[in-house]
Amino acid sequence: MRAMVYRGPGRIAIEEKDIPAIEHPNDAIVRVSCAAICGSDLHLYHGMMPDLRVGHTFGHEFVGTVHAVGPSVENLKVGDRVLVPFNIFCGSCFFCARGLYSNCHNVNPNATAVGGIYGYSHTCGGYDGGQAEFVRVPFADVGPSTIPEWMDEEDAVLLTDACPTGYFGAQLGEIKEGDVVMVFGAGPVGLFAAKSAWLMGAGRVI
């Protein structure tokens with residue numbers, strides 16, 4: 001398959017890599033159809049993320065079609081369209097049971113305060129990301145969601161990171177009906193934060 005590959009600070013390339021294989025019964029392999037580039041990928045591109053290794057594939061915002069599933073996967077089948085959240089989590093550990101999925105320690109052998117993230121260095125588990133034709137998706141019954149028939153993939157990919165991040169930012173503001181809300185930065189996440197603020201009843205958003 002073709003994949004984006006890190007070759008050192010400020011250097012990336014498109015190269016051939018092996019298609020990932022099922023490594024665990026709960027894995028799925030997803031054929032990527034749409035992937036986004038996150039602003040936080042710039043930290044990787046500039047070599048500023050610890051333990052970022054040459055050969056790593058970026059990309060933690062992607063959607064696609066299920067290409068293969070492990071024998072224990074129950075909620076997905078080959079051919080399903082899925083959106084895959086940026087973080088990888090088991091769904092059953094101490095942190096996951098409390099809804100703190102990004103702190104799941106069962107998916108990251110290097111964990112101290114962070115779980116697993118697709119395409120975000122070995123500090124975050126060393127999982128190759130979605131800027132490739134195929135991705136291995138661990139715990140496939142927990143993370144991915146099937147995309148409804150009526151939803152375009154270009155919209156679904158926004159739900160993998162950018163939209164929920166903006167929504168969460170607005171939620172942290174504890175917005176009450178009629179509040180004036182100020183959003184600093186009008187990139188994709190800032191725009192979603194503004195939209196979410198209106199959804200939560202803000203009277204004015206600056």
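This report describes the cores, helices, salt bridges and one surface patch of a predicted model.

## Basis of the report

The model is predicted, so local features need pLDDT of at least 70 and side-chain atom pairs count only at pLDDT 80 or more, while totals for chains, interfaces and linings use all residues. Residues are numbered from 1 along each chain as its sequence is written, and side-chain values use heavy atoms, with hydrogens and water left out.

Helices (H or I, at least four residues) and strands (E, at least two) are DSSP runs, numbered from the N terminus. A residue is called buried under 20% relative accessible area, exposed over 50%, and partly exposed in between, with a 1.4 Å probe and protein chains only.

## Nonpolar cores

In soluble globular proteins, nonpolar side chains tend to be buried together. A nonpolar core is a set of buried Ala, Val, Leu, Ile, Met, Phe, Trp, Tyr and Cys residues joined through side-chain atoms within 4.5 Å. The largest such core in this model has 21 residues, and C104 and Y118 have the most contacts inside it. At least two residues of this core come from each of the strands β3 (28–35), β4 (62–69), β5 (81–84) and β8 (134–137). Strand β3 gives the most, with 3 residues.

Another core, of 9 residues, lies apart from the largest one. Its members include M4, Y6, L52 and C124.

Helix α3 covers residues 162–172, and its buried residues are A162, G166 and A170. Seen down the axis of α3, these residues fall within an arc of 70 degrees (taken from the directions from the helix axis to the C-beta atoms), so they line one face of the helix. The buried residues of α3 pack against α4. Just after α3, E174 takes a positive phi of about 50 degrees.

Which residues does S196 touch, leaving aside its neighbours within four places in sequence? S196 is in contact (heavy atoms within 4.5 Å) with G166, Y167 and A170. S196 itself lies in helix α4, residues 188–199, and counts as buried because its relative accessibility is 5%. S196 and C163 are 33 residues apart in sequence, and their C-alpha atoms are 8.8 Å apart in space.

## Salt bridges around R136

A salt bridge is a side-chain nitrogen of Lys or Arg within 4 Å of a carboxyl oxygen of Asp or Glu. The structure holds 7 salt bridges. One of them joins the side chains of E23 and R136, at 3.5 Å from N to O. E23 lies in the loop between β2 (12–16) and β3, and R136 lies in strand β8, so this pair ties together parts that are 113 residues apart in sequence.

The side chains of D27 and R136 also meet in a salt bridge, at 2.8 Å from N to O. D27 is in the loop between β2 and β3, and the pair links parts of the chain 109 residues apart. Are the two acidic residues, E23 and D27, buried or exposed? E23 is exposed, with a relative accessible area of 62%, whereas D27 counts as buried at 1%.

## The pair R81 and E153

A further salt bridge joins the side chains of R81 and E153, at 3.8 Å from N to O. R81 lies in strand β5 and E153 in helix α2, so the pair ties together parts that are 72 residues apart in sequence. R81 counts as partly exposed at 23% relative accessibility, while E153 counts as buried at 17%.

Helix α2 covers residues 153–156. Leaving aside neighbours within four places in sequence, E153 is in contact with S33, C34, V63, R81 and I147.

## A surface patch

V180, M182, F184 and I206 make a nonpolar surface patch of about 470 Å². Patches are made of residues with over 30% relative accessible area and no salt bridge; like charges are joined within 9 Å, and nonpolar side chains (Val, Leu, Ile, Met, Phe, Trp, Tyr) within 5 Å. Accessible areas come from the Shrake-Rupley method with a 1.4 Å probe; for residues, only the protein chains shown count as cover.

V180 lies in strand β10, residues 180–181. V180 is exposed, with a relative accessible area of 57%.
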